[in-house]
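Here are my notes for your first look at this protein. Keep the view open as you read, and find each item as it comes up.

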Amino acid sequence: MTNTLIVNRFPMIVENTLPKKFFIFNLLLLLLYMSQNIVILLLGTNLGDKKNNLETAKNLINKEVGEIKKESNILENKAEGFTTDHLFLNQKIEINTSYSPFEVLKKIKEIEQKMGRIYSQPKENESYVDRLIDIDILFYNKLLINCNYLKIPHPQNYSRDFIKSLYFY
């Protein structure tokens, strides 16, 4: 008798030469491993109480998306892609989550909305606007995703100078 395990739509035949308990234990370990996704998020804010905005975002992410494992330094920097008098605070965090990349995107957009982010049209010849909070997915495991509304790794990972200055302790 054999047991069949489906992983990523591909059946894996597992010989039933070991006790059933051992098979179940290994199956549970495999499922646990598959549910632990490492995600790097970028947080940014340039309006209101910026330090509090970062803390609120991290608390909500920890509750609703996944456990925060690492935090980078916090960097104060000028805006890139638009003109403003407001400096940004930026920070990277590493989380473990069981959610898919698309579920993570949905949840972080919900957090931005809960915190009061308003999406408005940028000025002519500019790409962005001031924001209370911005949360971007920089990396999700080692996945490459390129669709209309989600690109991983984030396309500006290497072009935004300030991201290179954020490091994990």
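**Notes on the pockets and the fold**

1. Start with the second largest pocket. Its lining has 19 residues, and those nearest its centre are Glu80, Tyr128, Arg131, Arg160 and Phe162. Bear in mind that this is a predicted model. The volume of this pocket is about 220 Å³.

2. Which strands supply at least two residues each to the lining of the second largest pocket? They are strand 3 (37–45), strand 6 (88–97) and strand 7. Strand 3 has the largest share, with three residues. By type, the lining splits into seven nonpolar, six polar and six charged residues.

3. Now turn to the largest pocket. Its volume is about 450 Å³. It is lined by 23 residues, and Lys109, Tyr128, Asp134, Asp136 and His154 are the closest to its centre. Look at Tyr128 again: it is listed among the residues closest to the centre of the largest pocket, and also among those nearest the centre of the second largest pocket.

4. Which element gives the most to the lining of the largest pocket? Strand 7 (134–140) does, with four residues. Helix 3 (101–114) and strand 9 (150–152) also supply at least two residues each. The lining holds eleven nonpolar, five polar and seven charged residues.

5. Step back to the whole chain. Count the elements: there are four helices and nine strands. From the N terminus, their order is β-β-α-β-α-β-β-β-α-β-β-β-α.

6. How much of the protein chain is buried? Of its 169 residues, 38% are. The accessible surface is about 10,900 Å². Carbon and sulfur atoms account for 56% of that surface.

7. Check how the chain folds back on itself. Take the contacts between residues at least 6 apart in sequence. Of these, 68% join residues at least 24 apart.

8. Finish with the rings. The count comes to two aromatic pairs. One of them joins Phe82 and Phe88 in an edge-to-face arrangement. Their centres are 6.1 Å apart, with 85° between the planes. Are these two residues buried or exposed? Phe82 has a relative accessible area of 9%, so it is buried. Phe88 is buried too, because its value is 7%, and the cut-off for buried is under 20%.

Technical notes: Residues numbered from 1 in each chain as written. Predicted model: local features only at pLDDT ≥ 70, side-chain atom pairs only at ≥ 80, totals over all residues. Heavy atoms only, no water. Buried < 20%, exposed > 50% of the residue type's maximum accessible area, 1.4 Å probe, protein only. Contact = heavy atoms within 4.5 Å. Areas by Shrake-Rupley, 256 points an atom, 1.4 Å probe, with all protein chains shown as cover. Phe/Tyr/Trp six-rings, centres within 6.5 Å; stacked < 30°, edge-to-face > 60°. 1 Å grid on protein atoms, 1.4 Å probe; cavity = no way out; pocket = protein on both sides within 12 Å on 5 of 7 lines; lining within 4 Å. Points joined across faces, edges and corners; volume = space filled by probe spheres on them. Nonpolar A, V, L, I, M, F, W, Y, C, P; charged D, E, K, R; others polar.
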